[in-house]
Amino acid sequence: MTHNLDNLHARLAAVHAAIAAAAARHQRPAAAVALLAVSKTQPAATIRAAAATGQRRFGENYLQEALAKMAELGDLDLEWHFIGPLQSNKTRPVAEHFAWVHSVDRLKLAERLSAQRPAALPPLNVCLQVNISAEASKSGCSLAELPALARAVAALPRLRLRGLMAIPAPAEGLEQQRQPFRRLREALEQLNAAGLQLDTLSMGMSDDLEAAVAEGATLVRVGSAIFGARPVRQ
Ligand SMILES: *Cc1c(COP(=O)(O)O)cnc(C)c1O
């Protein structure tokens, strides 16, 4: 166990170093890139160990699993991000328990999250997920749908629209990996030019971190580089 925790601390430090190195190579301040530790399938004890190093932001994909871990870790001051596909009949616990949702891709979801966000909590931070590689099988709105969706979501009272999220199709090499992230950044710039005030580009995972940082990621979502390979989920 001690061995594993030492390992975890070393991996977290290595991810921070990789973010700092990528930021330096691409003329960005390292402090402009926050690390979201993607803890899906990891037990609460592992999250607690990561939190002991100062990691506060955790990303979860599976609602029931996330709620159980939140209950176990209620004594810690953590910021929970929901990053998985969301069904509209499951929005209430997300609105009640999370600080951020990265996977909003249609207005109905956003309207439900806004209506269900408890008045005692600050507005729910939201990113719109964009299907940036236009893959038929993937979640996310299209670039064509994005401007109208963003305007409508930004108007909802209990949400705070923060930015955009994407999971590009896998690609080899820095230049190839940068292209979809560049399109996402340009989409964000266009929305801001049209009057929105978005400050978040949620992009980059273990295998394409540098490309995302090069294109302006402000929040990278990293799982396996921190926690090791995940068991295959049944
Ligand atoms: C699992 C997951 C990640 C982390 O992926 P790794 O390759 O393990 O870094 C990031 N974002 C989303 C939406 C995920 O589902």
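Student: How many helices and strands are there in the protein chain?

Tutor: In this predicted model, the protein chain has nine helices and eight strands.

Student: Why is the chain called as compact as a globular protein of its length?

Tutor: Its radius of gyration is 17 Å, and the globule rule gives 17 Å for 234 residues; the two values are close, so the chain is as compact as a globular protein of that length. Its C-alpha trace spans about 50 × 40 × 35 Å along the principal axes.

Student: What share of the residues counts as buried?

Tutor: Of the 234 residues, 50% count as buried, a term that requires under 20% relative accessible area.

Student: What makes a set of residues a nonpolar core?

Tutor: The members must be buried residues of the listed nonpolar kinds, joined through side-chain atoms within 4.5 Å. The largest such core has 64 residues, with Phe58, Leu128 and Leu164 among those with the most contacts inside it. Helix α1 (residues 2-25) gives the most to this core, six residues. A second, separate core of five residues includes Ala34, Val38, Ile83 and Leu219.

Student: Which residues does Leu164 contact beyond its neighbours within four places in sequence?

Tutor: Among them are Cys127, Leu128, Leu146, Leu188 and Ser202; contact means heavy atoms within 4.5 Å.

Student: What is the volume of the largest pocket, and which residues are the closest to its centre?

Tutor: The volume is about 750 Å³. Of the 32 lining residues, Lys40, Ile167, Met205, Arg221 and Arg230 are the closest to the centre. The lining divides into 15 nonpolar, nine polar and eight charged residues.

Methods: Residues are numbered from 1 along each chain as its sequence is written. This is a predicted model: local features need pLDDT of at least 70, side-chain atom pairs count only at pLDDT 80 or more; totals for chains, interfaces and linings use all residues. Side-chain values use heavy atoms; hydrogens and water are left out. Buried means under 20% relative accessible area, exposed over 50%, partly exposed in between (1.4 Å probe, protein chains only). Helices (H or I, at least four residues) and strands (E, at least two) are DSSP runs, numbered from the N terminus. On a 1 Å grid over the protein atoms alone, a cavity is a set of points where a 1.4 Å probe fits but cannot get out, and a pocket is an open set with protein on both sides within 12 Å along at least five of seven lines; lining residues have an atom within 4 Å of a point. Grid points are joined across faces, edges and corners, and a volume is the space filled by probe spheres set on the points. Ala, Val, Leu, Ile, Met, Phe, Trp, Tyr, Cys and Pro count as nonpolar, Asp, Glu, Lys and Arg as charged, and the others, Gly among them, as polar. The radius of gyration is taken over C-alpha atoms; the globule rule is 2.2 Å times the number of residues to the power 0.38.
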